Amino acid sequence: MNYYKILFAYLLVFILPLSLKADDGYRLWLKYDKINNATLLNSYSTAYKSYYIEGNPANAAVIQKELSMAFKGLLGKDIKQGKAVSDGCIVIGTPASSTIIKGLKIDKELAKLGDEGFLIKTVVINKKKCTVITANKDNGLLYGVFHFLRLIQTQQNTDELNIESAPKLQVRLLNHWDNLDGSVERGYAGTSIWNWDALPATLDPKYTDYARANASVGINGTVLNNVNSNPKIMTADYLPKVKALADVFRPYGLKVYLSVSFSAPIKIGGLKTADPLDPAVIEWWKNKTDEIYKYIPDFGGFLVKANSEGQPGPQDYGRTHADGANMLADVLKPHNGIVMWRAFVYNSNPAEDRTLQAYNSFKPFDGKFKDNVLVQIKNGAIDFQPREPFSPLFGAMPNTSLMMEFQITQEYLGSSKHLVYLASLFEETLQSDTYTKGKGSTVSNVLQGKYTTGKLTGMAGVSNIGNSVNWTGHPFGQANWFSMGRLAWDPDLTAESIADEWIKMTFPNVKNAVDAIKTIMMQSREAAVNYMTPLGLHHIMAYNTHQGPGPWVDTAAQPNWKSTYYHNADANGIGFNRTSTGSDAVGQYFPPVRDMFEKTETCPENLLLWFHHLKWTYKMKSGKSLWDELCQHYYKGVDEVRTMQKTWETTKGSVDAEIFTKVKDLLATQEKEAVIWRNGCVLYFQTFSKMPVPAGLETPDKPLSYYKELKVD
Ligand code: BDP
């Protein structure tokens with residue numbers, strides 16, 4: 001072999017793969033790849049030459065690191081850290097610590113922005129054109145920096161900036177359902193990212209990147225462990241580990257919270273009771289809380305699942321949810337900590353429709369919770385279904401601080417195998433009108449505290465993060481994490497605008513594919529509803545795993561875990577009568593909403609079977625029978641996935657090859673499973689309707705027995 005051949009072989013084996021290194025998704029939406037638009041690149045390079053962080057804010061180091069990394073990537077150059085104002089300078093500081101910022105006299109503008117808001121402004125200082133990023137507090141500076149970088153990542157015109165932004169909700173959290181043994185309840189992206197065994201000594205660099213990613217979308221807290229909580233997390237074995245994480249997260253404005261078990265005083269405290277009114281129990285919680293704050297002075301507080309699905313709670317001692325929450329609130333109060341008390345409570349009593357129970361359990365306690373308690377309510381009246389009406393509790397507790405709980409992990413939406421862009425679901429709930437104070441009282445406005453006397457506001461998302469390289473398993477799962485953060489900052493953003501940002505940041509430089517990817521995302525949630533639970537059907541997934549269809553599930557540990565409980569299919573028809581002639585769940589909504597749901601003519605067809613039991617021959621708005629329409633939806637869902645597959649093909653060559661193939665393969669799986677859902681459900685419901693699958697639709701190629709046996713895990 002001659003010299004050139006050896007060199008060529010060397011290049012082929014070692015150098016080329018490095019330069020073509022595929023995108024493993026680890027960098028999330030913070031890619032910072034070089035902008036491949038020469039004009040823009042040139043204009044950003046001229047506009048931004050240095051940055052100057054004045055006054056040494058506590059997070060100066062992380063701001064500096066982010067800016068250097070971002071500019072090096074985006075513009076392909078090191079931008080200098082300056083020591084004074086110069087032309088093309090990005091000036092960063094708070095008026096309290098920066099004399100330059102103070103000199104700008106922008107106190108009035110800043111006054112509106114609170115502790116976390118920011119201002120980005122193009123200004124001329126000493127005849128030098130600069131960009132100012134300022135805020136009242138240090139965390140606001142970091143949010144401002146990430147916002148500014150997002151403008152460049154999404155290739156906006158930044159010539160004359162004048163941007164004010166402040167979060168509309170205060171508490172913006174991820175809820176991890178991570179167990180101490182590394183498993184993740186309803187997690188589909190590998191095991192937990194918290195390596196409890198290696199902590200506190202080993203700090204995986206991932207922890208920092210996790211904090212960066214959260215800060216970049218404005219998430220300001222994280223509950224590290226499962227709501228089905230193992231009390232060991234509060235012992236001296238674990239608290240140093242929790243502290244180590246809190247220390248990594250702090251510069252990114254991310255506070256740490258813990259899910260706590262109500263029976264911890266018994267399980268780890270050696271007491272005989274966990275009665276919230278027992279002085280020894282109160283003393284135990286006080287001491288434990290003080291101990292936690294010794295480790296973590298800015299600890300956020302507790303999340304509690306009590307008296308639900310077998311978890312202990314105050315009702316075990318004849319006390320109320322308010323008694324339990326307020327006891328914890330009292331011990332947290334001196335430290336400025338908060339309690340997030342979940343409203344996801346129901347019992348196994350089949351006499352009462354499950355959808356009624358959260359409202360009935362909490363409504364009587366409106367105004368009874370201490371001011372550092374937030375009642376955390378799942379978006380729907382049951383449980384994170386592909387489509388649910390909004391929880392009536394949002395309109396029903398005007399004297400309580402309420403927060404939203406969304407599920408980012410796709411427990412009921414195909415796990416990390418299905419591409420389902422959840423911002424469409426989130427937006428639908430947030431923009432639903434509760435009518436609590438007349439038209440326009442949207443869930444979003446309720447959450448923003450516009451109609452409550454409660455002082456706190458918030459939103460939580462049950463995390464879809466695990467230790468897979470790309471964090472979320474499905475590359476598009478990242479969009480759901482991103483959008484939950486963006487909506488917690490501003491619940492009035494649209495799913496479409498968030499998709500636009502995410503695509504441009506995640507697939508930099510794919511101008512020609514942005515529309516195709518957006519089309520897929522915007523179609524995806526309705527597709528899933530169609531092939532899983534159209535027309536208001538719900539909770540008909542396989543037992544326990546919730547993966548794949550299970551409308552036939554008729555034996556379960558409790559009656560309201562059976563699918564048959566929810567769909568009520570029989571020879572007459574299908575659906576749950578929740579009108580005034582049935583369980584009267586409609587009665588938990590305000591009159592305009594109640595009346596709309598009560599009548600079949602006004603009930604939105606996409607929720608029809610949630611509220612009504614109707615004959616198979618019931619005539620839909622389309623003129624078709626209910627049976628025909630149900631079939632059409634199931635078939636449409638599969639067709640939509642097939643369309644998504646075709647659209648994805650058009651992105652070939654534009655998006656990174658590794659991601660292209662991964663998504664292509666996942667869409668193929670999704671198509672297969674959508675067919676399983678469709679065939680399983682259509683064949684099963686047909687045993688009641690006894691009507692044929694409408695002409696023109698392909699007949700399922702396997703019998704019902706086949707689908708009943710199949711496991712989709
Ligand atoms: C249900 C999940 C279960 C959770 C529960 C909850 O199946 O794993 O523990 O929600 O939110 O949907 O507490």
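## Model and confidence

pLDDT is the predictor's confidence in each residue, from 0 to 100. The protein chain has an average pLDDT of 95, and 97% of its residues score at least 70. This is a predicted model, in which local features need pLDDT of at least 70 and side-chain atom pairs count only at pLDDT 80 or more, while totals for chains, interfaces and linings use all residues. Residues are numbered from 1 along each chain as its sequence is written, and side-chain values use heavy atoms, with hydrogens and water left out.

Helices (H or I, at least four residues) and strands (E, at least two) are DSSP runs, numbered from the N terminus. Over residues 10-20 pLDDT stays under 50, and the model has four contacts for them beyond four places in sequence; a contact means heavy atoms within 4.5 Å.

## Domains and sheet

Three domains divide the protein chain: domain 1 (31-165), domain 2 (171-506) and domain 3 (530-576 + 613-709). Their bounds come from an automatic or database domain assignment. The centres of domain 1 and domain 3, taken over C-alpha atoms, are separated by 49 Å.

Six strands form an open sheet with mixed pairing, in the order 2-1-3-5-4-6. Its edge strands, strand 2 (80-81) and strand 6 (162-165), each pair on one side only; two strands pair if DSSP finds at least two bridges between them. Seven bridges join strand 4 (residues 118-125) to strand 5 (residues 128-134) in the antiparallel sense. Leu 119 stands opposite Thr 134 in strand 5.

## Pockets

Grid points are joined across faces, edges and corners, and a volume is the space filled by probe spheres set on the points. For residue classes, Ala, Val, Leu, Ile, Met, Phe, Trp, Tyr, Cys and Pro count as nonpolar, Asp, Glu, Lys and Arg as charged, and the others, Gly among them, as polar.

The largest pocket holds about 830 Å³ of space. Of its 33 lining residues, Asp 115, Glu 116, Gln 170, Asn 220 and Lys 255 lie nearest the centre. Domain 1 and domain 2 each contribute at least three residues to this lining, which comprises 11 nonpolar, 10 polar and 12 charged residues.

The second largest pocket holds about 380 Å³. It is lined by 25 residues, with Arg 186, Glu 309, Glu 411, Tyr 412 and His 546 closest to its centre. At least three lining residues come from each of domain 2 and domain 3.

## Cavities

Eight cavities of 30 Å³ or more are found in the whole structure. The largest has a volume of about 100 Å³, and its lining includes Phe 344, Arg 354 and Lys 378. Helix 12 (354-362) and strand 12 (373-378) each supply at least two of the lining residues. By class, this lining has eight nonpolar, two polar and two charged residues.

Note on methods. On a 1 Å grid over the protein atoms alone, a cavity is a set of points where a 1.4 Å probe fits but cannot get out, and a pocket is an open set with protein on both sides within 12 Å along at least five of seven lines; lining residues have an atom within 4 Å of a point.
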